[in-house]
Amino acid sequence: MSDDKFIMFGFDDERSKDLADVLGNKTCKKIIDYLSDIKEASEKDIADALSIPINTVEYNLNKLIKSGLVEKTKNFFWSVKGRKIDMFKLAKKHIIISPKSKRVDMVKLRAVLPVIFIAVAVIAMIGLIIYGNNLVKYAIPVNIPKTVTSSSDKVKQFNSINEIKDFIDKNTIQEQESNGFDMMRTGSISKSATNIAAPGAVAESSRGGAGSYSQTNVQVEGVDEADIVKNDDKYIYTLSGNTISIVNAYPAETMKKESEIIVNSASNIYVNKDKLIVFSNSYSYENYGDAKMASGSIDCYGRGCGGGYSRQLTNVFVYDIKDRKNPKLEQNYSFDGNYLDSRMIGDYIYVVSSKYIYQDYYDLPVYSINGMERSVPISDVYYFDHQDNNYVFDSISSINLNSMNVNTQVYLVGGTGTIYVSENNIFLTYLKQESYHDYVRGYADEIAIKVLPDNYKENIEKIMDSGDNPYNIANKIRTTIYDYSLNLKGEEKSNFDQKFKELSDKYEIDYKKKTEKTAIHKISIDKDKIKYKSAGDVPGHILNQFSMDEYKDNFRIATTTGEVWGGTSLNHLYILNSDLEIVGSVEDLAKGEKIYSARFIGDRAYIVTFKKVDPLFVIDVSNPKNPKVLGYLKIPGYSDYLHPYDENHVIGIGKEAVDASTEEVTGRNLDFAWYQGVKIALFDITDVEHPKEKAKFVIGDRGTDSPALSDHKAFLFDKEKGILALPINLVEIDRTKYKECTPEERNSPNAYNYCLMPTTYGQQTWQGLYVLNVSLDGISLRGRITHNDPYAGQKYNAAKDEPIGTERKDANGNIWTKFSNTNYGEWRGPVHYSSIRTDYDIDEFPGGINYYHYQDYTKQIQRSLYMDDILYTVSNSRIKANNLNTMGEINSLDLVYNQPVYYEGMIV
């Protein structure tokens, strides 16, 4: 039986060559990036957006479809000339490469995939109506998973396995297949992805270490977060693949590696004085009919107790590193479930793991210490009366790093996404689930019955009472409305369509605010004590951990409801008391936009939304019952991450943006902007009613990116030293190839060849670390550091300037020969290639003017840190030390990078 959620093949499979081809193709990557933002588009949409010839788009789309990365959607429309226009989207699939030629059992395959890949999809139904020559799209969501809560969210406890089974069977929301004009739309909760830089620490040891040194950029001072690089006043601890290297880094002139530790599937580390804590995941295959069931200790549930499931473990290894040259494993912990997140407060590690509940199998989580397994009593499993379609056992465990004692509590909740941790509490969050039937009932009452004539109401009620599944009911109601509209003419039709759109938009907004909710569970932590406190919920979904904050016993949270692409999105801020009851709010900010970053700093909240410009909202939250918007600033671009500079200034890092042209806005019926290079901005909030952008610095052109935009731990800032450092993947446009064009010139078929447009992508030219001077006087470049070597191969002229008969080699050594100067230039390859390449494609071959030199990814800088006036940069295979003032290189040390580990023939 096939499984359409996975693409699996071996190294010898022809498809592996297709996949390698597209992953190394710049145009394919542009199309993938575009579709990841747009969700679905036609060939012309892609060609227009990326300024690429449509035949090149068609050629590369075929490659992406063949490789399994892109697929046609069920949606299509007819052009004015009667041509069927297909739509394309990214395939929602996992790609598994097996070094073995034999097919891997799909049950085992599912077992190996971490729970993190189990995403909740939101399905939308697109109805298409053609009015003369105008195509109008109306979006009606078909399945929006949410949680129905009872009148009480009070925590309860189970008494037996049978009670757990009965509860899950009774409360699981059954998923149903949709049909009609459906398309997938992502709706998963993002794992926490951004945080605030900790101030530099002062060294207390007398072992010859630095007087001051930086620490991991964290959200809450005193609450450390696991990372791939840690340091103290003398040593750097870095995780590269499966190898943890301990490097004696200070003084830099004598930098050397002291030791290595190999840990399979290692993910993150902490350092606590003379202890090194390493996290990893491991997987094992368990039979349903194991010894427990055979012994009769529990009932045998699930597929006749045949088959099996994957047991996923979160492993925590504690090493004694008092002797850095000879680390010793002191303790080994394993917790049932996939690693979600962790924190370290003082001498205590708090681990959150999530155990997926497989169909008809309710094995309780266990944990082990040095291989000795211990069970969690059934009476210690807590739950809440709510429905869901993705139940998990969340375990919260505390590890005392002095006594090595462990305490664990387990909660049966919906699939947890982002967590927030203060010094006193852990807040678990997840998107609640609602029955789709309620949505359809409301759609019938608030739209269909109100927009259609009275004689249609009986028909609508018959459809609702038909007993059919809600997806078919929604399709039938939609078809009824559309058919009625198509039979109208002139002003009557125009008025009907306008009313239908207004009712639809209002219903979407109102419904999302009522039912799209984030559930919050508050669990107090005090050393080894873990205690459940309260539960609550707020409308909307959160972006990341920076969307949340605890301050003076109040919990603050920023959310978005609705969808940007449908124009129904709204943004909100809620303040909850210690019992997680909403006591104050600011709602309905920036309609049609969504939150790109949020930050709570004392009595103020800062929220950035984006669709066209960067509205930075400044909100007074000093009075929890009456938060107020003090002012806002609208500037081009947006900020992905906000970081405090001082009491009246905030740093934002994100993207610069350029407004879409009048022609683009008119043609797409959208008001939007094209993002450009990475932007660092300093916002002045001294006058809260009129915040302003005091300074900005833009790096690169469209396509430039930084890991710091999605991972706050890659961000280094120190106010006293006046530096801000972040890794950059630099993309630059060769402006000698382009000119500023008139609107008429931009509309020409080959405008992309010579017109400089907001959609013009540059070429990746560099990867490394940008070090900036940041002060109230402005932002400037101090210097750049890279671990990569430049391209040393032969370079060629532009393919369009080459004469017929010119030969070029592709990355695989195949020879292509130019035979025509028409249709953007035509090149023919070997006999087994039936397709033709254009000049644009040839320019991306090795040595071509658009060739991207694939720099060694193991040398891409991931983190930076300082000890006194020495700046250290860390990649997977190298550490460099530079003078922080002059930026001159002092020393360099190569590291060992181990490739990923294989499990049961699969790369993980």
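Which residue lies over the face of W766, and at what distance from the ring centre? In this predicted model it is R784, at 4.2 Å from the ring centre of W766, where a charge counts as over a ring if NZ of Lys or CZ of Arg is within 6 Å of the ring centre and within 35 degrees of the ring normal. R702 likewise lies over the face of Y675, at 4.3 Å from the ring centre.

A word on conventions before I go on. Residues are numbered from 1 along each chain as its sequence is written, and side-chain values use heavy atoms, with hydrogens and water left out. Since the model is predicted, local features need pLDDT of at least 70 and side-chain atom pairs count only at pLDDT 80 or more, while totals for chains, interfaces and linings use all residues.

The chain has 14 helices and 55 strands, taken as DSSP runs numbered from the N terminus, with helices being H or I of at least four residues and strands E of at least two. Of its 908 residues, 57% count as buried, that is, under 20% relative accessible area with a 1.4 Å probe and protein chains only.

Turning to the aromatic residues, a search of the whole structure finds 32 aromatic pairs, a pair being rings of Phe, Tyr and Trp (its six-membered ring) with centres within 6.5 Å. The rings of Y439 and Y443 have centres 6.2 Å apart and planes at 25 degrees, so this pair is stacked, the term for planes under 30 degrees apart. Both tyrosines lie in helix 8 (residues 436–451), 4 residues apart, about one turn of the helix; Y439 is buried with a relative accessible area of 1%, and Y443 is buried with 4%. Elsewhere, F158, F167, Y383 and Y391 form one aromatic cluster.

Helix 8 also packs with helix 9 (residues 457–464), at an angle of about 175 degrees and with the axes 11 Å apart, where axes are lines fitted to C-alpha atoms over the stretch in contact and angles run from 0 to 180 degrees between N-to-C directions. That makes the two helices roughly antiparallel, meaning an angle over 145 degrees.

Key
Rings of Phe, Tyr and Trp (its six-membered ring) pair if their centres lie within 6.5 Å; planes under 30 degrees apart count as stacked, over 60 as edge-to-face and the rest as tilted. Buried means under 20% relative accessible area, exposed over 50%, partly exposed in between (1.4 Å probe, protein chains only). Angles under 35 degrees count as roughly parallel, over 145 as roughly antiparallel, 65 to 115 as roughly perpendicular and the rest as oblique.
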